[in-house]
Amino acid sequence: MRSPLLRRLGLTAVLAVVLAVFGFSTIASADPDPAALTFSTDSATTTPGGSVKLSMTLTNNKTYDVLFVYQTIDPTWLTTQRPDLKYSFAGCTLAAADGSSTSCSGTGPTNLGTNYGATIPPGQSRTVTLTLQVAADSGCNGNIGFYSYFYAEFSDGTNSNGGPVYTPETRVLCS
């Protein structure tokens, strides 16, 4: 006579195999982030008195419009540990889908999201470029880097959070 314990163990093993084969396969085919934020710079280095353009591109990977974006940008911890590095954001432009460019505002550490302009349709991107101005009396041989968090709302009523997203670092060189 077979033990009921062996039957239960056998049933448990079969269920475990079924879940392993079919239950976890959906995890591997996850959708991309509904909204993705990427950064680039026009130069990896600069000198005191120089400037670097920091571009932030928000891409709508969803099938609904992005209606609202909130974004912050703050210096990394290592950047804050170098009080001799002096810099500021000197300008802001928005590159529209048609290739045109307009000025934007809010170049401080909060609410950069309003700079992305009007609605971002599905599959499209908007790029905001900040000009990072390094002071003429800034220290040298240090890296300036930033990180960002963002929040996006879509026309279907959903939202997406992302971050921290790190910018490429800019090295301040002495000539």
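Student: What do the side chains of Arg 82 and Asp 84 meet in?

Tutor: Side chains of opposite charge can pair when their charged atoms come close. Here the side chains of Arg 82 and Asp 84 meet in a salt bridge, with 2.8 Å from N to O, where the term stands for a side-chain nitrogen of Lys or Arg within 4 Å of a carboxyl oxygen of Asp or Glu. Please keep in mind that this is a predicted model, in which local features need pLDDT of at least 70 and side-chain atom pairs count only at pLDDT 80 or more, while totals for chains, interfaces and linings use all residues. Residues are numbered from 1 along each chain as its sequence is written, and side-chain values use heavy atoms, with hydrogens and water left out.

Student: How many salt bridges does the count come to?

Tutor: The count comes to three salt bridges. One of them joins Lys 86 to Asp 137, whose closest N and O atoms are 3.0 Å apart. Lys 86 lies in the loop between helix 3 and strand 5 (87-95), and Asp 137 in the loop between strand 7 (125-134) and strand 8 (142-144), so the pair ties together parts that are 51 residues apart in sequence. For these elements, helices (H or I, at least four residues) and strands (E, at least two) are DSSP runs, numbered from the N terminus. Lys 86 is partly exposed, with a relative accessible area of 35%, whereas Asp 137 counts as exposed at 54%.

Student: Which residue forms a salt bridge with Lys 62?

Tutor: That residue is Asp 156, and the closest N and O atoms of the pair are 3.1 Å apart. Because Lys 62 sits in the loop between strand 3 (51-60) and strand 4, and Asp 156 in the loop between strand 9 and strand 10, the pair ties together parts 94 residues apart in sequence. Lys 62 is partly exposed at 21% relative accessibility, as is Asp 156 at 30%.

Student: Which strands form the open sheet, and in what order?

Tutor: Two strands pair if DSSP finds at least two bridges between them. In this model three strands form an open sheet in the order 4-9-10, with antiparallel pairing. Strand 4 (66-75) and strand 10 (159-166) are its edge strands, each pairing on one side only. Strand 9 (residues 146-154) is joined to strand 10 by six bridges, and Phe 150 stands opposite Gly 162 in strand 10.

Student: What does Thr 79 touch?

Tutor: Contact means heavy atoms within 4.5 Å. Leaving aside residues up to four places away in sequence, Thr 79 touches Tyr 87, Asn 143, Ile 144 and Gly 145. Thr 79 is found in helix 3 (residues 77-80) and is buried, with a relative accessible area of 3%. The side chain of Thr 79 also reaches the backbone oxygen of Asn 143 at 3.4 Å.

Student: How should I read the protein as a whole, starting with what its secondary structure comes to?

Tutor: The secondary structure comes to three helices and 11 strands. Of the 175 residues of the protein, 31% count as buried.

Definitions and conventions. Buried means under 20% relative accessible area, exposed over 50%, partly exposed in between (1.4 Å probe, protein chains only). A polar contact is a pair of N or O atoms within 3.5 Å; within protein, one must be able to donate a hydrogen and the other to accept it, and residues adjacent in sequence count only if both atoms are side-chain atoms.
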